[in-house]
Amino acid sequence: MKTQVITVDVESDPLWQASPFRTLALAHGLRSCWSTPIYSLVGEVLGTFAILQRKPASPTPLQQDLIAQVTHIASIAIERTQGEAALKRSEAFLAEGQRLSLTGTFSWRVATDQITGSEELYRIFEFDPGVSVTIELIVSRVHPETSWRCMR
């Protein structure tokens, strides 16, 4: 429904009469259910935050504010986790593509002279895994005629 649902009393609420959850909730002494969607930045529902209580109740304004804060923080955590998982998948696909195509990559931060190479780059140039890669080291592993053409 993409909206908050506040059920003050599960036992008497007509919307819950046919719900299989009603019997289960009442069997465990649960009487009220406040359910709030957790939205992504683009408005998609990522999950639901629910508060269940053993007595009929409506949330106070303070509780509503707390629910809003909790669902906002939850959305940030969920989206960050999803983003990190997508990045890891992307990195794995890139590494597998480099392995299959026998190509390697590196990035060079000119300001700090820091070079980061892919696993395949290390394999191609036969660098030891712990070695710090430098431009000089890469050039030393390339045929002189090839390296001269690359440097022009």
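This is a tutorial dialogue on how to read some features of a predicted model.

Me: Before looking at details, what is the mean pLDDT of the protein, and which element has the lowest value?
Reply: The structure is a predicted model, and the mean pLDDT of the protein is 91, with 95% of its residues reaching 70 or more. Among the elements, helix α5 (residues 144-151) has the lowest mean pLDDT, at 60, while β2 has the highest, at 97.

Me: How many salt bridges does a search of the whole structure find?
Reply: Side chains of opposite charge can pair when their charged atoms come close. In this structure the search finds four salt bridges. One of them joins the side chains of Arg31 and Glu11, with a distance of 3.1 Å from N to O. Arg31 lies in the loop between α1 (20-27) and β2 (32-39), and Glu11 lies in the loop between β1 (5-7) and α1, so this pair ties together parts that are 20 residues apart in sequence.

Me: Are Arg31 and Glu11 buried or exposed, or something in between?
Reply: Arg31 has a relative accessibility of 22% and counts as partly exposed, and Glu11, at 40% relative accessibility, also counts as partly exposed.

Me: Where do Glu96 and Arg99 lie, and how many residues apart are they?
Reply: Both Glu96 and Arg99 lie in helix α2 (residues 61-101), three residues apart, which is about one turn of the helix. Their side chains meet in a salt bridge of 2.6 Å, taken from N to O. Glu96 is partly exposed, with a relative accessible area of 36%, and Arg99 is partly exposed as well, with a relative accessible area of 43%. Helix α2 also holds Gly97, which counts as partly exposed at 33% relative accessibility.

Me: Which residue forms a salt bridge with Glu120, and how far apart are the closest N and O atoms?
Reply: The partner of Glu120 is Arg123, and the closest N and O atoms of this salt bridge are 2.7 Å apart. The two residues are three positions apart in helix α3 (residues 119-125), so about one helical turn separates Glu120 from Arg123. Elsewhere, salt bridges that share partners join Asp9, Glu11 and Arg31 into one network.

Me: In what sense do β2 and β3 pair, and over how many bridges?
Reply: In a regular strand the side chains alternate between the two faces of the sheet. In this structure β2 and strand β3 (residues 45-53) pair in the antiparallel sense, over eight bridges. As one example of the pairing, Cys33 has Leu52 in β3 as its bridge partner. The hairpin of β2 and β3 has five residues between the strands, and in this hairpin Gly43 takes a positive phi near 90°.

Me: How many aromatic pairs are there, and what is the angle between the planes of Trp16 and Phe21?
Reply: A pair of aromatic rings is described by the distance of the centres and the angle of the planes. The count for this structure comes to three aromatic pairs. Trp16 and Phe21 form a tilted pair, with 5.2 Å from centre to centre and 50° between the planes. Within this pair Trp16 counts as buried at 13% relative accessibility, whereas Phe21 counts as partly exposed at 31%. The rings of Phe125 and Phe127 have their centres 5.5 Å apart and their planes at 15°, so that pair is stacked. Phe125 counts as buried at 16% relative accessibility, and Phe127 counts as buried at 6%. Together with Tyr122, Phe125 and Phe127 form one aromatic cluster.

Me: Which residues make the nonpolar surface patch, and where is Phe21 found?
Reply: The patch of about 250 Å² is made by Phe21, Leu24 and Leu52. Phe21 is found in helix α1, and Leu52 is the residue named above as the bridge partner of Cys33 in β3.

Definitions and conventions:
Residues numbered from 1 in each chain as written. Predicted model: local features only at pLDDT ≥ 70, side-chain atom pairs only at ≥ 80, totals over all residues. Heavy atoms only, no water. Helix = DSSP H or I, 4+ residues; strand = E, 2+ residues; numbered from the N terminus. Buried < 20%, exposed > 50% of the residue type's maximum accessible area, 1.4 Å probe, protein only. Pairing = 2+ DSSP bridges. Phe/Tyr/Trp six-rings, centres within 6.5 Å; stacked < 30°, edge-to-face > 60°. pLDDT = per-residue confidence, 0-100. Patch = residues over 30% accessible without salt bridge, like charges linked within 9 Å, V, L, I, M, F, W, Y side chains within 5 Å. Areas by Shrake-Rupley, 256 points an atom, 1.4 Å probe, with all protein chains shown as cover.
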